[in-house]
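Hello,

Here is the structure for you to look over. My notes on what turned up follow below it.

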There are 2 protein chains.
Amino acid sequence: MSPTLLTARSRRIQPFHVMALLARARELESQGRDIVHMEIGEPDFATAEPVRAAGQKALADGHTGYLPAAGLPALREAISDYYARRYSADVAPQRILITPGASGALVIALAMLADPGRHVLLPDPGYPCNRNFVELVDAIPQAVRVGADTDYQLTAALAEAACDERTAAMLVGSPGNPTGTLASAADLQGLAALADQRGIGLIVDEIYHGLHYGDDPAQAVVHAPNAIVVNSFSKYFGMTGWRLGWMVVPAGWTEVAEKLMQNLFINASTPAQYAAMACFTPEAEAIFESRREAFRERRDFLLPALRELGFHIPGNPAGAFYLYADVSALCDDSEDLGRRLLEEAGVAVTPGLDFERTAPERHLRFAYTTDQTRLAEAVERIEQYLRSTGR
Amino acid sequence: MSPTLLTARSRRIQPFHVMALLARARELESQGRDIVHMEIGEPDFATAEPVRAAGQKALADGHTGYLPAAGLPALREAISDYYARRYSADVAPQRILITPGASGALVIALAMLADPGRHVLLPDPGYPCNRNFVELVDAIPQAVRVGADTDYQLTAALAEAACDERTAAMLVGSPGNPTGTLASAADLQGLAALADQRGIGLIVDEIYHGLHYGDDPAQAVVHAPNAIVVNSFSKYFGMTGWRLGWMVVPAGWTEVAEKLMQNLFINASTPAQYAAMACFTPEAEAIFESRREAFRERRDFLLPALRELGFHIPGNPAGAFYLYADVSALCDDSEDLGRRLLEEAGVAVTPGLDFERTAPERHLRFAYTTDQTRLAEAVERIEQYLRSTGR
């Protein structure tokens, strides 16, 4: 088949620019260079032992067959209990579907909400894949500039100004990637009210849910009960490679979401669902909380250290494991700075090009997914590099 | 959110009709009734012990993180070796991508080939989900009637007659579901030539690949090297609930398929990919072959037994684990017959409504995914039921 057969959609979907940088980092490592990886959106912890043990037991017990499309009933209940216990939020198990990662949940959410040619509002900067789920269903991503003034969150005022006749939905993230900032209760309430008022959909991507370093953040299930909430076992629960997530749908939407799950995915991984049951044991929760504490310490080290070096990090990056820095005081071109930091300082970070359309050349994302010692090493190397260039 | 927000697409995608029947079967079982399940498309074997053991080891070793989007390099190589060793077929590992089930591969294949409003030809009868992957990307499924004269396979002549200016691709299955029939080398060559000639895509769904009970079937990778071939670890390799599959793309298409994998799925399950490595050991292969022999014996029992009872099963169901029967000599309405077989004979089968648009009321699918003793029990019960109704 000739590549001319390729759909317009597959031409519009962009690869991650960081992949080229990652390949170069690996090349340098193969030449013996030491690289501090701050470009990777994956916790540096393997899945917690109790969860791995539960997975092993599921396999030993022969839990390898298909499951109901909406997921293992006991897992849907465990998540409902978790919302009640941890956040005093009332989410019926019937509204919870277990999905193949947050990715699978986003496919289903967009398939339900966005017909071709309709608009979906997304904050800019934002997670690059999210716009590509919109592209998959041939809807049109509409980047809405968000800045430090709203802590990089889409507010109802910003969304309303960007809405038009073709708007079908809004897709926001909290904690956000690349900024690590949180939506407030007012933000969520405002978006929920706007969704109702305009008759459009609201999707809240909470895949970093659980990874917050101040007060408990506002919960979408509480402040936007009409939203589709997308969540994941990848980040807080440390199950990245298992590809397991969940979605909460508004009351009355379960049947259609289930029908789509059944047709498009059959079910999320069975061994992973059994393993995830162990995420809600006191033993596993203690591990997750200690890891959260480690992320908090890293952030508390890295944020002031980078600010001191001249990286402008506005707002309150109180969740996920990212800092998003404005580097315009240091250079004209963040991609070039990223390349130099890799080549000359041995520190890999992600350029803004992967996250935004407005001012990509002014931004770099730092992930604190590596330990404190390595973060300190990175800061020292960056400082030396900046000094060597006279900045 | 109001259900009026639902996309046209999500209204077009139909649930499996068999689900209502399955729910009723479970209800009868909870009342103490014994039901023989011949409606389920899942082998009655758990994942083979060596594969489960490899999964357990992967978890013990901490293989729980993200993998490259295209899959574990060693697994892509193992599949390439398997094609060479088992079928003397030359498939470079670079053309193989590991996917979240055949489902994930079908999402990517259709995302690459079918823009909104374009037509995709599918054989009718066929697997119901396949048309829904077409719906996901807002292309239009075009059912092409196939019958016993072509062994229920789409031929180039049938496809050509159905092609028009809007045709973007053809999607065929071999071994087919619900018929269990195989595409011949000539069928595949004809479709491949037609695809080239008309500049359209060809997708061959081989998820029952490996489950054939006569001579080795014609391989799409050999006779249609320009096709996207979709395969699975679910059926022959017995890994249903793990959700692992693969796709072979034409030379030059890897990069775009990889970009879509990266954005839409990140990667297929990491523990599953490590476990699947054990599928290619002599120990596991011996188990798969003995299971294939068991399926062959079941087919060799069930096919003549059903024919003797008046079920018309034309063609040569030489693969998968299905028999597709024309029941017009026995009743006017296969759905009603299916209901009666469940209620009165305690045998669950799938009505044609799930598989075809042309003559659903004339067809039933029998799955031989239960053991020989239970199949014999089912045949006896069906015979008694038919006798009791005077047929």
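**Notes on the model**

In E4(A), Pro141(A) is the bridge partner of Val120(A). This is a predicted model, in which local features need pLDDT of at least 70, side-chain atom pairs count only at pLDDT 80 or more, and totals for chains, interfaces and linings use all residues. Residues are numbered from 1 along each chain as its sequence is written, while chains are lettered from A and ligands numbered from 1 in the order in which they are written.

**The sheet**

That bridge belongs to the pairing of strand E3 (residues 119-124) of chain A with E4(A), parallel over 6 bridges. Two strands pair if DSSP finds at least two bridges between them. Strands (E, at least two residues) and helices (H or I, at least four) are DSSP runs, numbered from the N terminus.

**Strand E6(A)**

E5(A) and E6(A) run parallel, joined by 5 bridges. Met170(A) has Leu202(A) as its bridge partner in E6(A). The chain crosses from E5(A) through H8(A) to E6(A), and this β-α-β crossover is right-handed: with the strands pointing away from the viewer, the path from the first strand over the helix to the second runs clockwise.

How many residues of E6(A) are buried? 5 of the 5 are, so the strand is largely enclosed by the rest of the structure. Buried means 20 or more other C-beta atoms within 10 Å of the residue's own; exposed means 12 or fewer, partly exposed lies in between, and C-beta atoms are placed from the backbone. Gly201(A), Ile203(A) and Asp205(A) cover one side, Leu202(A) and Val204(A) the other. In a regular strand the side chains alternate between the two faces of the sheet.

**Backbone points to check**

Most residues other than glycine have a negative phi, and most peptide bonds are trans. These are the exceptions I would look at.

- Ser174(A) to Pro175(A) is a cis peptide bond, omega near -10°. Pro175(A) sits in the loop between E5 and H8 of chain A.
- Ser174(B) and Pro175(B) are also joined by a cis peptide bond, with omega about -10°.
- Tyr152(A) has a positive phi of about 60°. Its place is the loop between E4 and H7 (156-162) of chain A. Tyr152(A) is buried, with 27 other C-beta atoms within 10 Å.
- Ile266(A) has a positive phi of about 65°. It lies in the loop between H10 (254-264) and H11 (270-277) of chain A. Ile266(A) is buried too, with 22 C-beta neighbours inside 10 Å.

**Chain A overall**

Chain A has 14 helices and 12 strands. Of its 391 residues, 56% count as buried.

Best wishes
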